[in-house]
Amino acid sequence: LGRSGYRFLATPLIRQTPSVAPTSVVGRDAAFDRLRRRLTAARSGRRQLILVTGEAGIGKTAVVDRFASSVAASGNVAIGRGQCME
C-alpha cells in the first residue's frame, strides 16, 4: 500500500504443537546452537528474525522442523513460519 505500508491479511492457524514429525539431522550442531542463541535472545525480550538459507537439498527444512519441534515440546511458545513458493 503506497505510503501506508503492508498489512498481513491471512487468518492464523493456531496449533498446540507443530504437525511435522522430527527427522534425523546429522552435522548441524552449529546451526542448532545459533538457533538456540536467537531463541534465548527472543525470550529475553529482544526481537529476532531468522532466515535459513542455502542450496536446495542441504537440509534447511529438516533443521527448522527439528528445532521447532524441540522448542514446541519445551513449553509455552508460539511459532510462526513462512515459506517461499515458486
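Which element gives the most to the lining of the largest pocket? The question is taken up below, after the chain as a whole has been described.

The model is predicted, and for that reason local features are reported only at pLDDT of at least 70 and side-chain atom pairs only at pLDDT 80 or more, whereas totals for chains, interfaces and linings use all residues. Residues are numbered from 1 along each chain as its sequence is written, and side-chain values use heavy atoms, with hydrogens and water left out.

The protein chain contains two helices and zero strands, where helices (H or I, at least four residues) and strands (E, at least two) are DSSP runs numbered from the N terminus. Of its 86 residues, 13% are buried, a term that stands for under 20% relative accessible area, while exposed stands for over 50% and partly exposed for what lies in between (1.4 Å probe, protein chains only). The chain exposes about 7800 Å², of which carbon and sulfur atoms supply 53%; accessible areas come from the Shrake-Rupley method with a 1.4 Å probe. Among contacts (heavy atoms within 4.5 Å) with a separation of 6 or more, 62% join residues 24 or more positions apart.

In helix α1, the buried residues are Ala31, Phe32, Leu35 and Ala41, and what covers them includes α2. An α-helix has 3.6 residues a turn, so residues three or four places apart point the same way. Just after α1, Gly45 takes a positive phi of about 100°. Further along, in the loop between α1 (29-43) and α2 (60-73), lies Leu51, which counts as exposed because its relative accessibility is 67%. The C-alpha atoms of Leu51 and Gly82 are 9.8 Å apart in space, although the two residues are 31 residues apart in sequence.

The largest pocket holds about 1000 Å³ of space. A pocket is an open set of points on a 1 Å grid over the protein atoms alone, where a 1.4 Å probe fits, with protein on both sides within 12 Å along at least five of seven lines, and lining residues have an atom within 4 Å of a point. Of the 28 residues that line the largest pocket, Ile50, Val52, Val64, Gly80 and Arg81 are the closest to its centre. The lining divides into 16 nonpolar, eight polar and four charged residues, with Ala, Val, Leu, Ile, Met, Phe, Trp, Tyr, Cys and Pro counted as nonpolar, Asp, Glu, Lys and Arg as charged, and the others, Gly among them, as polar. Both α1 and α2 supply at least two residues each to this lining, and α2 gives the most, with six residues.

Definitions and conventions:
Grid points are joined across faces, edges and corners, and a volume is the space filled by probe spheres set on the points.
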